[in-house]
Amino acid sequence: METLKELRAKYKQLKSESNSIYNQIKVLERQEALSNYTVGDCYFDTIWNNLIKIVSICNNYIYYICLDDSNISRDNIYIYDIEDWVKITSEQFKNAYLAVIKDIQDPDLEVRNESNFNIILKSIILESTNKE
């Protein structure tokens with residue numbers, strides 16, 4: 001039968017080994033998460049109906065250009081907080097970007113039923129659902 005001192009020493013060794021394994025897992029998870037994204041990739045954020053183009057990746061943060069129906073902005077997100085991004089082509093992003101510019105410059109936008117951006121967004125949504 002093991003003594004209390006031996007059991008404590010064994011427990012300390014196992015705890016140290018457990019911490020080492022946990023640290024290795026976190027490093028590999030970080031590498032895997034970062035490998036899923038590349039500067040220049042474009043995505044459709046299905047939660048917020050935004051279009052995103054990655055411009056920089058640094059310290060587990062992704063910095064991106066964000067398009068919505070009336071704005072072009074720059075934002076960032078912690079890599080582990082990304083949910084429901086669907087990859088799109090850079091051509092789709094470019095078309096949406098030009099549509100937002102056109103909408104911003106259109107004095108009659110409020111009169112029309114649908115913005116240029118929303119027309120492009122609907123086509124992107126349709127294409128992404130047809131892929132699945």
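These notes walk through a predicted model, from its confidence to its strands, salt bridges and cores.

1. **Ground rules.** Because this is a predicted model, local features need pLDDT of at least 70 and side-chain atom pairs count only at pLDDT 80 or more, while totals for chains, interfaces and linings use all residues. Residues are numbered from 1 along each chain as its sequence is written, and side-chain values use heavy atoms, with hydrogens and water left out.

2. **Confidence.** The predictor's confidence in each residue is given as pLDDT, on a scale from 0 to 100. For this protein the mean pLDDT is 90, and 95% of residues reach 70 or more. Among the elements, strand 3 has the highest mean (97) and helix 3 (residues 116-131) the lowest (84). Helices here are DSSP runs of H or I with at least four residues, strands are runs of E with at least two, and both are numbered from the N terminus.

3. **Strand 1, face by face.** A friendly place to start looking is strand 1, which spans residues 42-45. Cys-42 and Phe-44 point one way, Tyr-43 and Asp-45 point the other way, and all of them are buried. Buried means under 20% relative accessible area, exposed means over 50%, and partly exposed lies in between (1.4 Å probe, protein chains only). In a regular strand the side chains alternate between the two faces of the sheet.

4. **The partners of strand 1.** Strands count as paired if DSSP finds at least two bridges between them. Strand 1 runs antiparallel to strand 2 (residues 50-58), and four bridges join the two. Phe-44 has Leu-51 as its bridge partner in strand 2. The two strands form a hairpin with four residues between them, and in the turn Asn-49 has a positive phi of about 55°. Strand 1 is also antiparallel to strand 5 (residues 85-88), again with four bridges. There, Tyr-43 has Lys-87 as its bridge partner.

5. **Salt bridges.** How many salt bridges does a search of the whole structure find? The search finds three, each being a side-chain nitrogen of Lys or Arg within 4 Å of a carboxyl oxygen of Asp or Glu. Glu-29 pairs with Lys-26, with the closest N and O atoms 3.0 Å apart. These two are three residues apart in helix 1 (residues 4-35), so about one helical turn separates them. Glu-29 is partly exposed at 37% relative accessibility, and Lys-26 is partly exposed at 31%. In another bridge, the side chains of Lys-122 and Glu-114 meet at 2.6 Å, N to O. Lys-122 is exposed, with a relative accessible area of 51%, whereas Glu-114 is partly exposed at 27%.

6. **A link across the sequence.** The remaining salt bridge to look at joins the side chains of Asp-41 and Lys-87 (3.4 Å, N to O). Asp-41 lies in the loop between helix 1 and strand 1 and Lys-87 lies in strand 5, so the pair ties together parts that are 46 residues apart in sequence. Asp-41 is buried at 15% relative accessibility, while Lys-87 is partly exposed at 48%.

7. **Two asparagines.** Asn-76 lies in strand 4 (residues 72-78) and is partly exposed at 34% relative accessibility. Leaving aside neighbours within four places in sequence, Asn-76 is in contact (heavy atoms within 4.5 Å) with Tyr-61, Ile-62, Tyr-63 and Tyr-64. The C-alpha atoms of Asn-76 and Tyr-64 are separated by 6.0 Å. Asn-60 lies in the loop between strand 2 and strand 3 (61-67) and is buried, with a relative accessible area of 16%. Not counting residues up to four places away in sequence, Asn-60 touches Arg-30, Leu-34, Ile-77, Tyr-78 and Ile-79.

8. **The cores.** A nonpolar core is a set of buried Ala, Val, Leu, Ile, Met, Phe, Trp, Tyr and Cys residues joined through side-chain atoms within 4.5 Å. The largest one has 12 residues, including Ala-33, Tyr-43, Ile-62 and Trp-85. Strand 2 and strand 3 are the elements that give two or more residues to this core, and strand 3 gives the most, with three. Apart from this core lies another of 11 residues, among them Phe-44, Leu-67, Val-100 and Leu-121. In soluble globular proteins, nonpolar side chains tend to be buried together.
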